[in-house]
Amino acid sequence: MYVTRLDKPGQKVRLDDISPDAPKGLSREEAQARLAQLGEELFELQDLLYGARTHGVLVVLQGRDTAGKDGVIKHVVGCLNPRGVSVVSFGVPTPEEQGHDFLWRVHRHAPRKGEFAIFNRSHYEDVLVVRVHGLVPRALWRERYGHIKDFEELLAEHGTIVLKYFLHISKKEQEERLREREQDPQTAWKLAVTDWKEREHWRAYTEAYEEAISRCAAEHAPWLVVPANTKWFRNLAVAESLVEALRPYKQAWRKVLEAEARVRITELRRYRRERGARS
Ligand code: AMP
Ligand code: MG
């Protein structure tokens with residue numbers, strides 16, 4: 001309810017028309033209480049997913065510097081059982097990665113059935129930072145929208161539930177966060193000169209994001225634009241949309257578990273019968 005869902009290919013999006021602010025009328029305390037409930041539900045859903053092994057979940061986290069990708073990992077992904085989650089961060093490609101196609105480093109981290117994979121940045125960087133800085137010829141990155149769509153379709157066909165988050169902050173909020181980080185020795189280590197340099201390309205990133213979101217929106221791999229100017233609201237909105245996306249599978253996963261349980265119990269009973277007959 002709090003996020004803007006884009007799931008129709010080619011559906012236009014204007015980020016400036018979507019508010020990055022938390023809606024009025026919700027207090028931080030209410031949001032935190034609700035997040036705790038959602039965290040429990042998420043944990044239960046994960047248990048069903050893990051047992052049923054019919055689906056995997058891929059959560060892509062994208063956003064500008066300081067948008068809160070790490071915060072979401074800490075506060076939302078932190079609700080999950082680590083047994084079934086992998087978190088992968090994608091930075092500047094290594095020479096080994098650069099020697100391959102852009103999906104090579106990404107595909108091998110796609111989730112196994114039963115598990116979650118969380119991408120902190122992703123294959124989308126190859127149509128974002130790469131586009132903004134012209135790191136490869138235009139003709140090459142333009143082809144990538146199609147490759148990304150095919151890739152995500154492949155994952156979805158294999159039972160992967162794909163959810164792509166854009167954590168939406170304003171330019172002013174980013175400046176405040178960068179300045180705050182500078183004041184605090186506990187967070188200043190996160191700073192990089194590039195954070196300020198990238199800010200100068202704010203508009204170009206907006207355009208790159210709008211095109212990536214629009215072209216790669218799909219029913220089986222929706223984009224979710226999350227108002228992220230307020231951290232506690234951002235966490236709630238991500239958790240809620242994640243739970244809402246997984247809830248429809250609950251009954252089916254339960255049924256798989258129940259069928260599996262019947263098989264195991266039958267095996268156990270047969271074993272006991274045969275053992276009794278021998279003795
Ligand atoms: P951080 O997320 O702060 O650890 O920074 C990772 C950096 O890696 C960001 O500046 C990204 O823009 C950059 N990065 C990620 N993927 C790529 C890519 N495919 N090509 C170039 N730079 C990238
Ligand atoms: Mg950074």
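This is a predicted model: local features need pLDDT of at least 70, side-chain atom pairs count only at pLDDT 80 or more; totals for chains, interfaces and linings use all residues.
Local features here need pLDDT of at least 70, side-chain atom pairs count only at pLDDT 80 or more, and totals for linings use all residues. Residues are numbered from 1 along each chain as its sequence is written, ligands are numbered from 1 in the order in which they are written, and side-chain values use heavy atoms, without hydrogens and water.

**Exercise 1.** Work out where Glu-211 sits and whether Glu-211 is buried or exposed.

*Solution.* Start with the helix: Glu-211 belongs to H9, residues 202–216 (helices are DSSP runs of H or I, at least four residues, numbered from the N terminus). Next, the cover: Glu-211 has a relative accessible area of 17%, so it counts as buried (under 20%, with exposed over 50%, using a 1.4 Å probe and protein chains only).

**Exercise 2.** Find which atoms of ligand 1 lie 3.2 Å from Val-92 and from Asp-126.

*Solution.* Take Val-92: one of its backbone N or O atoms is 3.2 Å from an oxygen atom of ligand 1. Now Asp-126: a polar side-chain atom there is 3.2 Å from a nitrogen atom of ligand 1. Then check the cover: alone, ligand 1 exposes 500 Å², and the protein buries 69% of that (Shrake-Rupley method, 1.4 Å probe).

Conventions:
Helices (H or I, at least four residues) and strands (E, at least two) are DSSP runs, numbered from the N terminus. A polar contact is a pair of N or O atoms within 3.5 Å; within protein, one must be able to donate a hydrogen and the other to accept it, and residues adjacent in sequence count only if both atoms are side-chain atoms.
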